[in-house]
Amino acid sequence: MSHDLYMKLVDLYAGGELPKELEDELKAASIGDKELSHEMATLRHTVDLLHSIPEPEFTEESFQRVLMSLYARGVEADPKITAPAHMQLYLPIAG
Amino acid sequence: MPNDALQDSLAEKRWLNALAQGDPAALGGLYEMYGERIFRYTYRMLGNRTDAEDATAETFLRVLRRSAELRADGAFRTWLFRIARNLCIDKLRQHKLMELPADAQYSGGEEKTTLRVTVQQALADLPVEYRDPLVLCDLEDLPAREAAEVLQISVPALKSRLYRGRRALRDKLGGMMEKK
């Protein structure tokens, strides 16, 4: 197999896109090939590390700030979710 | 189509029809459906909460302004991501906001936290043409066809950037890879 083809297979392997059969074949080929084995391990690990980055949290405060920004620009966006009590504004009671 | 996806698709169609009929309140429904995903994407592209909130609001504002272009044919999500992406690119050009998010919070042990911060930093240091496919495909789990449409490139071009991006990220992480 050519070097370029191996590299293409390694790219697919890293993203988990290779069929099981082909993945096993590639693993077998990597046993005696240090460079191939290194490529496979490091690229797969890179993808795993990417997946380990936690998702940015879309907090209630962020949700409401975006909504307020839309209101401020005259958009009557009206989601069903109501603002939590601590973010609601109260008008003074007229007496 | 799984039940949840079908429900989402029907809800999306309902909101898009309402928006097309000039009902501005429909934007709230679309914001409820997609606000979080757009925020996550813009946060990962811009690197901080304030800019991500601004970009999210601007994205939905543009949806309203361009509601005449809307098509309820399943392409809305792609269109939405494309608007958000263009806004991010503009913001990055204006401010060169490439640094680590100041308000990034990570839980877990110290070693794990350091690792995540390093990966996040390496990702932020990548050129946008590599970072974009990594964020869309590896982090947001968009199918390749949809990610390619967001970036307005072919699927083979997307895959090529994705693979080169992974290699570039691997090279940036350097020594960390050798430990494994």
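This is a predicted model: local features need pLDDT of at least 70, side-chain atom pairs count only at pLDDT 80 or more; totals for chains, interfaces and linings use all residues.
## Extent of the interface

On chain B, 42 residues are in contact with 40 residues of chain A. Together the two chains bury about 3,800 Å², and 63% of this area lies on carbon and sulfur atoms.

Seven salt bridges are counted between chain B and chain A. One salt bridge joins the side chains of A:Glu39 and B:Arg167, with an N to O distance of 2.5 Å.

## Elements on the chain B side

Six helices of chain B each give two or more residues to the side that touches chain A: H2 (26–46), H3 (49–65), H5 (110–125), H6 (128–139), H8 (155–173) and H9 (175–178). H2(B) supplies the largest share, ten residues.

By residue class, the side of chain B that touches chain A has 22 nonpolar, 16 charged and four polar residues.

## Cysteines

Over all chains, a search of the whole structure finds zero disulfides. B:Cys88 is in no disulfide, and its nearest cysteine sulfur, that of B:Cys137, is 16 Å away. B:Cys88 has 0% relative accessibility and therefore counts as buried.

B:Cys137 is likewise in no disulfide, with the sulfur of B:Cys88 as its nearest cysteine sulfur, 16 Å away. The relative accessible area of B:Cys137 is 12%, so this residue is buried too, the cut-off being under 20%.

Technical notes: Residues are numbered from 1 along each chain as its sequence is written. Chains are lettered from A and ligands numbered from 1 in the order in which they are written. Side-chain values use heavy atoms; hydrogens and water are left out. Contact means heavy atoms within 4.5 Å. Buried area is the accessible area (1.4 Å probe) that two parts lose on being put together, summed over both. A salt bridge is a side-chain nitrogen of Lys or Arg within 4 Å of a carboxyl oxygen of Asp or Glu. Helices (H or I, at least four residues) and strands (E, at least two) are DSSP runs, numbered from the N terminus. Ala, Val, Leu, Ile, Met, Phe, Trp, Tyr, Cys and Pro count as nonpolar, Asp, Glu, Lys and Arg as charged, and the others, Gly among them, as polar. A disulfide is a pair of cysteine sulfur atoms within 2.5 Å. Buried means under 20% relative accessible area, exposed over 50%, partly exposed in between (1.4 Å probe, protein chains only).
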